[in-house]
Amino acid sequence: MPEPLLTHTSDKQLSSASSSAEASRSDSRSRRLASRISHAERKDQLFRQALLIAGLIVLCLVIAIFLTLIVGSIPSFRATGIHFFWGKVWDPVTEVFGALPFLAGTLLTSFLALFISLPFSLSIAIFLGEYFPPGKGKNYIAGVIREAVELIAGIPSVIYGFWGLFVLVPLVRQLEMKWNVLPYGVGILTASLILALMIIPYAASLGREIINMVPAELKEAAYSLGATRWEVIRHVVLPYARTGIFAGILLSLGRALGETMAVTMVIGNTSVLPKNIFSPGNTLASVIANEFTEAASKVYLSALIELGLVLFLVTTIIHLIGKRIIKQFST
Amino acid sequence: MHLNSIKHLRRRQLISASIRGTVLFFTVLTLLPLVYILIYIIKQGIGAINWSFFTQLPRPVGETGGGIANALVGSLIIVGLATLLAIPIGIFSALYLSEHPQGRLAGMIRFCVEVLTGIPSIVVGIVAYDWLVKPMGSFSAFSGSVALSIMMLPIMIRSAEETLKRFPTHLREASLALGVPYYKTILQVLLPCSLSGVLSGIILSVARIVGETAPLLFTAFGNPYLSFHIFHPMHSLPLLIYNYAISPYDSWHQLAWGAALVLLCWILLLNILTRMIIRKWSVRY
Amino acid sequence: MKKTNLISLAIASMALLASCGGGQQQQSQSAASSQDNKTLLGAGSTFVYPFYSKVFNVYTQQTGIKVNYQSIGSGGGILQLINKTVDFGDSDAPLTDDQEKQAGAPVVHIPICAGAVVLTYNLPGIQDTLMFTPDVLANIYLGKITRWNDPAIQAINSKVKLPNLPIAVVHRSDGSGTTNIFTNYLSKISPEWKSRVGASTSVNWPVGLGGKGNEGVSGLIRQTPGGFGYVELAYAIQNQMPVAKVRNVSGNFIAPTIASTQAASNIQLPADAKVFVTNTSAPDGYPISGFTWAILYREQHYGDRSLDRAKELVKLFWWVTHNAQSYCADLHYAPLSAAAQATAENLLKTITFDGKPVLETSAQ
């Protein structure tokens, strides 16, 4: 209950203020009041500072992460310099560290996954965003599909990798045996397939939201001109949502680039430039996961941290660009 | 009407209907492998679940039997500790951001939250190793929890800020006009009204990190024994799944499927909880 | 406002300090700080993991002391020991000079047991034991022999009809003592291997797929038709995978067994126990055998380790090198010879706490 801020003093009481007892009573009352107010003010001040500190912690956290990665990369940068980025050889024995195999592995798997998943995530996005949008109470099945997509998007990476090892890898192995390739089963292709499966629910959710955001007036205007459903989608919805979808693609790419566990389990853990999509390889994330706990020499550890820095920068930039485009799109 | 335009119209309608069919077909086609994954995990995992699965510790290499008790308890502890660490910072930062919709510092903090959203989990693991494991001299559940809480923050902050922002100004002004101090206005008026969004943000962030393995690889390390000590190494479900999945032992594969099923159920329950909270406790202004 | 500026400055500077802390390893405390002395922490070789897994279980039942051993590979074990995040590391590769320098303080290598690095394969329909010569092995791993029915392999295995499958070569992706033993052997028998690749826990493999740990390698081979790779004997047997015979220096094709491993490792160990027994000259010895060592700091008082903890550690390894040896055979490891045991005892006796030998003060 808020305290009354003003005590009610009648005129008669005010006029008899000459009586000292009265005066002292009202004095102590106003002093108690003043102390109650300043007490609340102090609590307010503390509270505001607490909020500020929490915000500052978040800020310092990100700065500290960035600094840690940079400081950790310095020994490697001093040893290898710029050649790090196009060095083809990753040899911990002779301490020659080149990042090209991992850059190639990361970019290959991520772009291939994106390419494979695009038609599928787009179709789910259109299905759930345009044909059966939420909130209309239209279709129970569509609601179930939406829930299922959300749930599948939440499956942890390590479980995808586990499933991939036991179902996808034998499948790819059979494919390789048919095409007379070394039947490893693991490799760039398998990693791309698993990444594609992981991106689809995520991209579909994003796409659905974006397509949902297309203003109804535009669509209704097209319908009133006699357009069919498909023509509305093709000439109104998709062009309007084009930037948003592009941003969704960027965000999915960012997610794919940073995926660690599923990729580590099915990519074959070989630190060489992949020759074709059936070869085993490594990505930035998977080589760190594999070799971090054993990098005994200073330069080795620092080279791994430098890979982490590259990964951090690339995923962050792509993520931020995607987010910026979506923000512009939705206003 | 002109005959051609009728034919033309029917052709367009046919195209539209066939596209609808194609999209439906592609959707089902896409969902098939995804649903298959779910069913596969459930089928493999159900076979492993029994009472000893939950209560026993893993047996030595090559021996059959054993359970996941230490990993289950370890996951609960690590996730619980991470949540405790993340909630004060997350909620208070969200409050700060919602109280300062403009402002340069708030803008920078929002930018940092975006950066945290996109950070790969393995990088968080590197950082946590550098900050906690090396200086402390040992692997610990605590360092794993810190790594996980870093990943929880952005989801928590974003969801909470979204809900807090919707709090109408007239309610806030009414409270302040009644003489309620600022901090009480926030804590006893604003927060309870936004409880559904804040809570669901917390629960969603938990659902996000229960399955994370990469940050725990170099921090919590793993432990074949049941342990409650947060400054010692601790096992967890995702670590168990990873180690057992790449092993050659069938008995370990069995255990890993069971653990995967447990993890999925956990995530499903958290999602359901979020939906219930949003439905029941949402405040409409 | 000044207060909050100060606070943010403090937080930021703490973060900076933490990021610089990555470069300095001297300031790290020992693994024992704030840990109870009833749990010892170890990490390292996957080579010896089946053995450790069993005997530590027995030790816990007998004494109540728990040992948390994580098999992350010999390279990992060495690093964690150098970082002082574990009580002991285990490695099938002794520390290199570089690593000893990084450790900062002298370490002791306690021989635990000997094992065989076997070549295992997955040829559908073929149950026979294949035979290999050193040259063929080197050429397979150099990428010169790529198919199973290559004349070089067929010549040695005239009784077996080898299929026309490509050889899916598998090696370790992590830092491994098993790799060290295998590449040490290859370097000894193939000058080309020695100059082109060399021997270490982690090398630049010319061909092949990487598996994580002995577990990962055996898992990959087991599931890949045409798979071929090197693992510790226990893993091949536990997974019912065939093992190949290898020709040794004396010209005999030797199967990896406890007896042949013992024959190879039955040598006089040097005082510091660091020795390779590959390419043995023993006529019945298996040529790709090796020791595995538990690696501890000689001076146990570092960080805030206690005398109790040091005692438990030394007691553990006294037990492992004596009483636990009876478990070796069942798990297909070769127990320490009497000479090796004596060397282990001498090394354990050199472990000190504050300069005083730990063993004399412990109730042994």
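The model is a predicted one.

I'll start with chain B as a whole. Its secondary structure comes to 12 helices and zero strands. Along the sequence, then, the pattern reads α-α-α-α-α-α-α-α-α-α-α-α.

Along the principal axes, the C-alpha atoms of chain B fill a box of roughly 80 × 70 × 35 Å. Of the 285 residues in chain B, 51% are buried. As for contacts within chain B, take those with a separation of 6 or more: 76% of them join residues 24 or more positions apart.

Now one helix pair in chain B. Two packed helices are described by the angle between their axes and by the distance between those axes. The pair here is helix H7 (residues 169-177) of chain B and helix H8 (residues 182-193) of chain B. How are H7(B) and H8(B) oriented to each other? They pack at an angle of about 135°, and their axes are 11 Å apart. An angle over 145 degrees would count as roughly antiparallel; H7(B) and H8(B) are therefore oblique to each other. The crossing of H7(B) past H8(B) is right-handed.

Which residues meet there? From H7(B) we have Leu171(B), Arg172(B), Ser175(B) and Leu176(B), and from H8(B) they meet Thr185(B), Val189(B) and Leu190(B). By class, this contact of H7(B) with H8(B) has four nonpolar residues, two polar and one charged.

Next, the contacts between chains, beginning with A and B. Chain A puts 69 residues into this contact and chain B puts in 71 residues. On the chain A side, helix H2 (residues 20-80) of chain A supplies the largest share, 17 residues. That side of chain A, where it touches chain B, divides into 46 nonpolar, 16 polar and seven charged residues.

Last, chains A and C. Here 33 residues of chain A are in contact with 40 residues of chain C. On the side of chain A that touches chain C, the elements giving two or more residues are H2 and helix H11 (284-291) of chain A. H2(A) gives the most to that side, with 12 residues. The classes on the side of chain A that touches chain C are 19 nonpolar, 10 polar and four charged residues.

That is the end of the talk.

Definitions and conventions
Residues numbered from 1 in each chain as written. Chains lettered and ligands numbered in written order. Predicted model: local features only at pLDDT ≥ 70, side-chain atom pairs only at ≥ 80, totals over all residues. Contact = placed C-beta atoms within 7 Å. Helix = DSSP H or I, 4+ residues; strand = E, 2+ residues; numbered from the N terminus. Nonpolar A, V, L, I, M, F, W, Y, C, P; charged D, E, K, R; others polar. Axes fitted to C-alpha atoms, helices over the stretch in contact; angles between N-to-C directions. Parallel < 35°, antiparallel > 145°, perpendicular 65-115°, else oblique. Left-handed = near helix turned anticlockwise from the far one by under 90°. Buried ≥ 20, exposed ≤ 12 C-beta atoms within 10 Å, placed from the backbone.
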